[in-house]
Amino acid sequence: MSDRYFVIDLSLFDLHTDKEKKRLKLQISQSIYVAEKYKIKDKLILTGVSEKTKNELAGYGIKQKTYSNLKEFLKGVDRKIFLVFDPNASDVFTEGDIESFDIFVIGGIVDTAKDEKKTTEYLSKIFEKQGLKFARKKVLLRGDIIGVPDRINMFLEMLFKIIYDKLPIEKAIYETQSRKIARWRLRKELKNFVEVRYENDKNVRIVRKEVFEKIKEWLNIEYKDFEKVAEEQGIKIV
Ligand SMILES: C[S@@+](CC[C@H](N)C(=O)[O-])C[C@H]1O[C@@H](n2cnc3c(N)ncnc32)[C@H](O)[C@@H]1O
């Protein structure tokens, strides 16, 4: 297989607020750090970078190779197909995809409290307008995007673990999952284990302690996360 490249596309950089841009720049520099750890710093590429954005990145100490658009980069490495990671895609990413693709594109997008679903899809439309052909796939953890690290640097680290450390997707997710992201998934998961008990003349929703042992095998949670989420949802641990 020819060299693999990992692209962060920053075509939507200017749609971010200043605060978001700062977080985005931080995530990019952390991505470079992770790529360095895997000795593939020169394989991490930034595309969709205008002169203005380039200066802004440089001011932050980011001197990674940039291209004004993805098409220009692809031309330079003589490649035509690539994979765009998109949480809203219909197709699901599998370990087999690392053999079928050698260019992996991640949206240079930072989410805030606003509803920003489908931003990566919007980015894909820009690629389509450039006449590019590509596949779009989502990464799932046991059937759901919730629980998959979505910060760019964490997402990339997960990908490097799958590709270079040969970890199964679930294990790579576990190793890069923050406790905050794990708690979000726990909030969805816990209701599947709730039982209702009749105590002191009323129905009480309970969850057994053993459930924690079961869930912690695949979610990066500590017991205090389990307690916190149960309390939030009015569930008693027995
Ligand atoms: C913070 S996410 C932005 C997601 C954006 N709000 C959306 O819904 O399209 C940044 C990037 O990480 C990648 N990403 C994060 N989670 C993903 C998932 N579960 N599947 C595929 N790509 C994901 C995508 O490339 C995405 O553009």
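The legends below walk through several views of a predicted model, starting with the whole chain and moving to close-ups. Residues are numbered from 1 along each chain as its sequence is written, and side-chain values use heavy atoms, with hydrogens and water left out. As this is a predicted model, local features need pLDDT of at least 70 and side-chain atom pairs count only at pLDDT 80 or more, while totals for chains, interfaces and linings use all residues.

View 1. Helices (H or I, at least four residues) and strands (E, at least two) are DSSP runs, numbered from the N terminus. The C-alpha trace spans about 70 × 40 × 35 Å along its principal axes. Of the 238 residues, 48% count as buried; buried means under 20% relative accessible area, exposed over 50%, and partly exposed in between (1.4 Å probe, protein chains only). The chain exposes about 12,900 Å², and carbon and sulfur atoms supply 49% of that area. Accessible areas come from the Shrake-Rupley method with a 1.4 Å probe; for residues, only the protein chains shown count as cover. Among contacts (heavy atoms within 4.5 Å) between residues at least 6 apart in sequence, 71% join residues at least 24 apart.

**View 2. Six strands form an open, parallel sheet.** Follow the strands in the order E2-E1-E5-E3-E6-E4. Two strands pair if DSSP finds at least two bridges between them. At the edges you will find E2 (44-47) and E4 (91-92), each pairing on one side only. E4 joins E6 (residues 133-138) in the parallel sense over two bridges, and here Val92 stands opposite Lys138.

View 3. Thr66 counts as buried because its relative accessibility is 17%. Leaving aside neighbours within four places in sequence, Thr66 is in contact with Leu46, Val49 and Lys54.

**View 4. Phe127 is a buried residue of helix H5.** H5 spans residues 119-129. With a relative accessible area of 0%, Phe127 is classed as buried. Beyond its neighbours within four places in sequence, Phe127 is in contact with Asp9, Leu70, Phe82, Val84, Val105, Leu132 and Phe134. The C-alpha atoms of Phe127 and Ile103 are separated by 14 Å, and the two residues are 24 apart along the chain.

**View 5. Ile145, Ile146 and Trp184 make a nonpolar surface patch.** This patch has an area of about 270 Å². Like charges are joined within 9 Å, and nonpolar side chains (Val, Leu, Ile, Met, Phe, Trp, Tyr) within 5 Å. Trp184 belongs to helix H8 (residues 179-189) and is partly exposed, at 49% relative accessible area.

**View 6. Three strands form an open sheet with mixed pairing.** Their order is E7-E8-E9, with E7 (195-199) and E9 (236-237) as the edge strands, each pairing on one side only. E7 and E8 (residues 202-207) pair in the antiparallel sense over five bridges. Within this pair, Arg197 stands opposite Val204.

Methods:
Patches are made of residues with over 30% relative accessible area and no salt bridge: like charges are joined within 9 Å, nonpolar side chains (Val, Leu, Ile, Met, Phe, Trp, Tyr) within 5 Å. A salt bridge is a side-chain nitrogen of Lys or Arg within 4 Å of a carboxyl oxygen of Asp or Glu.
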